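The exercises below go through one structure step by step. Each begins with a task and is followed by a worked solution.

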Amino acid sequence: MGFSDWLFGSPDKLKKVPTGTQEQQGLHNNILQQAMGMSQGGGGYNQAQQYYNSLLQPGNDAYQNFAAPYMQQFQEQTLPGIAERFAGAGALSSSGFGQALGGAGAGLQSQLAQLFAQLQSQAAGQQTNQYN
């Protein structure tokens, strides 16, 4: 037995022992693979770029997808609230009720258009920053 064997041990006696379960090791390997994919231009980066592209392409469903939850909230909360207010006064058939509904709808469409335009502007800025 030489000095280095005494100091470091002989190679045949050293054994690598896993510190985690197989599931933990699998998760660790998966995280490493995802991180490597992102560093090579994949993963979440590509998803973000696809999202920005979808916002900037005319004629796709990006606006409808963006507006859908707002429209649902409007139909489920705002419209019944307006109807309840006019029903309490017995004025559901009045022109004021129709004007209130029309005004609320127009206001919603205007706000959604403004918010979506801001979202598109941010997407364009992100894409511009990518190329700089």
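Of the 132 residues of the chain in this predicted model, 14% count as buried. The exercises start from the chain as a whole and then turn to its core and its aromatic rings.

**Exercise 1. State how many helices and strands the chain has, and how confident the predictor is in the elements.**

Solution. Step one is the count: the secondary structure comes to five helices and zero strands. Read from the N terminus, the order of elements is therefore α-α-α-α-α. Step two is confidence. The mean pLDDT of the chain is 77, and 71% of the residues score at least 70. Among the elements, helix H1 (residues 3-8) has the lowest mean pLDDT, 60, while H4 has the highest, 89.

**Exercise 2. Find the residues of the largest nonpolar core and the elements that supply them.**

Solution. A general point comes before the details: in soluble globular proteins, nonpolar side chains tend to be buried together. In this chain the largest nonpolar core has eleven residues: Tyr-52, Leu-55, Ala-62, Phe-66, Ala-67, Phe-74, Leu-108, Leu-112, Phe-116, Leu-119 and Ala-123. The elements that give two or more residues to this core are helix H3 (44-56), helix H4 (62-88) and helix H5 (95-131). H5 gives the most, with five residues.

Ala-62 is in contact with Ser-54, Leu-55 and Phe-116, leaving aside its neighbours within four places in sequence. Ala-67 lies in helix H4. Its relative accessible area is 6%, and the cut-off for buried is under 20%, so Ala-67 is buried. The C-alpha atoms of Ala-67 and Leu-115 are separated by 9.6 Å, although the two residues are 48 apart along the chain.

**Exercise 3. Classify the ring pair of Tyr-63 and Phe-116, and say which parts of the chain the pair ties together.**

Solution. A search of the whole structure finds four aromatic pairs. In the pair of Tyr-63 and Phe-116, the ring centres are 5.3 Å apart and the planes stand at 85 degrees, so the pair is edge-to-face. Tyr-63 lies in helix H4 and Phe-116 in helix H5, so the pair ties together parts that are 53 residues apart in sequence.

Next, compare the accessibility of the two partners. Tyr-63 has 24% relative accessibility and therefore counts as partly exposed. Phe-116, at 9% relative accessibility, counts as buried.

**Exercise 4. Which residues form one aromatic cluster with Tyr-70, and is Tyr-70 buried or partly exposed?**

Solution. The cluster consists of Tyr-63, Phe-66, Tyr-70 and Phe-116. Tyr-70 has its place in helix H4. With a relative accessible area of 35%, Tyr-70 is partly exposed. Not counting residues up to four places away in sequence, Tyr-70 touches Leu-108 and Leu-112. Both of these leucines belong to the largest nonpolar core.

Notes:
Residues numbered from 1 in each chain as written. Predicted model: local features only at pLDDT ≥ 70, side-chain atom pairs only at ≥ 80, totals over all residues. Heavy atoms only, no water. Core = buried A, V, L, I, M, F, W, Y, C linked by side-chain atoms within 4.5 Å. Buried < 20%, exposed > 50% of the residue type's maximum accessible area, 1.4 Å probe, protein only. Helix = DSSP H or I, 4+ residues; strand = E, 2+ residues; numbered from the N terminus. Contact = heavy atoms within 4.5 Å. Phe/Tyr/Trp six-rings, centres within 6.5 Å; stacked < 30°, edge-to-face > 60°. pLDDT = per-residue confidence, 0-100.
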